[in-house]
Amino acid sequence: MKLRAPAVPLITIDPYFSVWSCADRLNASATCHWTGHTNTINGKLTVDGTVYRFMGGEEAGGIPMEQISLDITALASSYVFEAAGVRLTARFFSPVFAGDLLLCSRPVSYLELRAESLDGAAHRIEAEISASEELCLDAAREEPIELSKLKLGEDISAVRMGSAAQPVLGNSGDDTRINWGYFFLCVRGGQADLYKARGETFAAARAELTETAPALFAFAYDDIESIEYFHKRLKGYWKKGGRTIERAIEEAFADYEKLSERERSFSASLYESALEAGGEQYAEMLTLAYRQVMAGHKLVEDDEDGLLYISKECLSNGCAATVDVSYPSMPMYLYYNPELVNGMMRPAIRYAKSGAWPFEFAPHDVGCYPLVNGQVYSNGTDPEHQMPIEECGNMLVMAAAAAVVSGDVSLFAENKELFRQWAGYLVRYGADPEDQICTDDFFKHMPHNCNLSLKAVMGVASMAIMLELSGAPEEAPAYWSAAKEMVQSWVERAQNGDGSFRLAFDQPGSYSLKYNMVWDKLFGTELFPADSIKGEFDSYWQYGNQYGIPLDCRGTTSKTDWLAWTAALAGTRDEFIRFMAPVWRYFHETENRVPMSDWYSTKTAKRFYSQNRTVQGGLFIKLLEQSGRCRYKRPE
């Protein structure tokens with residue numbers, strides 16, 4: 001990979017079980033949680049009695065090995081080090097395959113270490129991996145922890161550690177880490193133990209390496225209960241059938257070799273498909289984004305509502321199941337598993353149908369992670385900062401896209417009246433939105449937002465699509481007619497006169513990225529004239545900065561997801577590549593060494609607040625377009 005990752009994914013399971021390297025060299029500094037707080041895991045290699053360090057900062061001790069290379073694939077990060085005539089390959093692998101619900105929710109991640117002699121001499125080599133109590137506390141030394149050693153199966157040694165208090169689901173918020181449940185450090189064919197350093201407790205695992213026998217370690221986390229869903233506590237999906245963490249760990253070790261082969265095939269397929277769709281830089285961005293997007297969610301199941309895929313709005317406010325975060329993230333899931341899009345929507349549907357939600361439009365969120373009990377944004381039901389057009393349009397487009405890709409319209413059929421209510425709201429108010437906030441408006445509330453009106457158009461069209469798919473074609477024409485009338489009015493009122501369209505209907509000469517228009521292209525609904533789309537897209541080039549095109553004329557910041565959606569409006573692959581090149585440059589050159597941030601300055605490449613958000617799934621939209629999976633074929 002030519003892209004210098006701003007942060008390298010090491011362990012990527014869910015918003016709590018998340019470990020990254022935020023430096024160019026794995027042994028230059030301590031590993032960290034996506035929030036930036038240290039989640040220390042150290043790695044040492046003893047070669048013929050001399051201790052070398054391949055993971056962790058100076059405080060971990062040992063002579064630093066020379067890092068030779070780093071290779072990142074969709075599911076694995078592989079480092080190569082050299083010292084004392086030995087080459088070490090360290091491969092971190094989290095098997096979060098979106099199409100395999102048990103695997104993508106199983107909280108077990110791997111580290112394989114392979115050694116080879118470079119000088120032809122026989123070497124005695126032992127590896128040690130150690131993990132701080134930070135992995136099971138909000139912060140080190142926060143409270144006492146409990147420790148135990150255990151054997152799993154015939155040859156797996158493990159250490160378990162967790163807080164003594166165990167306040168299960170007692171901590172919610174944004175810049176927080178888990179302080180309940182139990183972390184496990186495991187090794188096959190080695191020994192596990194405990195030690196103290198700098199007042200912290202560390203779990204440690206050791207194993208000998210030879211050229212023919214690599215060492216395999218695993219990191220696991222049992223959070224006991226994962227999500228509070230309308231005051232009901234739900235366990236992780238991986239616990240279906242009574243599966244315990246001990247069994248999950250044993251299964252993970254047994255599965256490693258076949259999963260490694262599967263990973264190589266999956267990652268290669270993603271890269272090659274993305275390369276064909278949008279070029280080498282695009283393929284690298286998708287490769288880096290995949291694990292981040294997966295690890296921003298938690299998969300659970302409710303007896304009433306079924307599969308739930310709960311996102312955390314990372315380092316922007318900590319909201320759970322945020323509708324305007326699910327909307328930009330869905331292209332990746334439409335490509336790999338559209339049922340997970342439905343899983344994102346179900347909490348909002350449940351809440352909107354409850355008596356606790358007083359509005360006729362869709363909610364913004366359903367809680368503060370991991371407590372999914374109702375909206376917290378805008379003080380819950382304060383009308384001042386709601387997003388009526390935004391969230392209605394998001395829910396309708398998501399539902400239609402998932403139905404088109406999967407052919408399954410059951411979610412719509414079960415909630416038809418609610419979707420009808422939201423579509424009716426868009427028909428009444430979406431043609432010219434009142435003063436309100438939306439996700440592309442990062443500066444202030446604004447009335448007459450042209451891009452927000454585009455979302456309303458596509459939401460109304462989405463209702464027509466779902467009616468036809470669900471066997472009610474007689475109801476669809478009214479929505480098709482409404483969408484077409486809205487488009488005709490939009491084109492007339494939004495035009496600048498030079499082929500481009502305004503930021504707001506009452507602001508001639510202004511501009512904004514019209515990313516919501518992309519669904520007309522993906523669905524193939526052809527509501528907007530082709531020359532209108534081309535004229536708008538061609539107008540963007542004049543506004544470009546070193547790291548991309550700003551969201552609109554009011555500032556110089558932009559968002560990676562919306563840039564990708566806008567780029568998908570390009571008429572040719574070469575135009576798409578040219579449009580996205582500055583985004584790749586932003587990731588490559590930003591000084592902010594954090595998991596991929598979506599909101600940033602197009603002049604300085606500095607990020608704004610957010611990091612590790614699931615909206616990077618929006619980068620997959622060109623891959624989704626190329627696949628044709630969202631193309632809707634209207635009934636004859």
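## The largest pocket

By class, the lining of the largest pocket comprises 13 nonpolar, 6 polar and 8 charged residues, where Ala, Val, Leu, Ile, Met, Phe, Trp, Tyr, Cys and Pro count as nonpolar, Asp, Glu, Lys and Arg as charged, and the others, Gly among them, as polar. The structure is a predicted model, in which local features need pLDDT of at least 70 and side-chain atom pairs count only at pLDDT 80 or more, while totals for chains, interfaces and linings use all residues. Residues are numbered from 1 along each chain as its sequence is written, and side-chain values use heavy atoms, with hydrogens and water left out.

The largest pocket is lined by 27 residues, and Glu313, Ser316, Thr439, Phe442 and Arg613 are those that lie nearest its centre. Two or more lining residues come from each of α4 (323-336) and α13 (560-567), and α4 gives the largest share, 3 residues. A pocket here is an open set of points on a 1 Å grid over the protein atoms alone, where a 1.4 Å probe fits, with protein on both sides within 12 Å along at least five of seven lines; lining residues have an atom within 4 Å of a point. The volume of the largest pocket is about 420 Å³, taken as the space filled by probe spheres set on the points, with grid points joined across faces, edges and corners.

## The second largest pocket

The second largest pocket holds about 220 Å³ of space, and its lining has 5 nonpolar, 2 polar and 5 charged residues. Among the lining residues are Asp520, Lys521, Glu526, Lys534 and Arg631, together with Phe528, Ile533 and Leu569. At least two lining residues are supplied by each of α11 (518-523) and α12 (530-539), the largest share, 3 residues, coming from α12.

## A bent helix

Helix α2 (residues 245-278) spans only 41 Å between its end C-alpha atoms, whereas a straight helix of 34 residues would span 50 Å, the expected span being 1.5 Å times one less than the number of residues. Helices (H or I, at least four residues) and strands (E, at least two) are DSSP runs, numbered from the N terminus. At Tyr256, α2 bends by about 60 degrees, the bend being the angle between axes fitted to the seven residues ending there and the seven starting there. After α2 comes Gly279, whose phi is positive, near 95 degrees.

## A mixed sheet

An open sheet of 3 strands has the order β18-β17-β21, with mixed pairing; its edge strands, β18 (232-234) and β21 (371-372), each pair on one side only. Strand β17 (residues 227-229) runs parallel to β21 and is joined to it by 2 bridges, two strands being paired if DSSP finds at least two bridges between them. Glu228 stands opposite Leu371 in β21.
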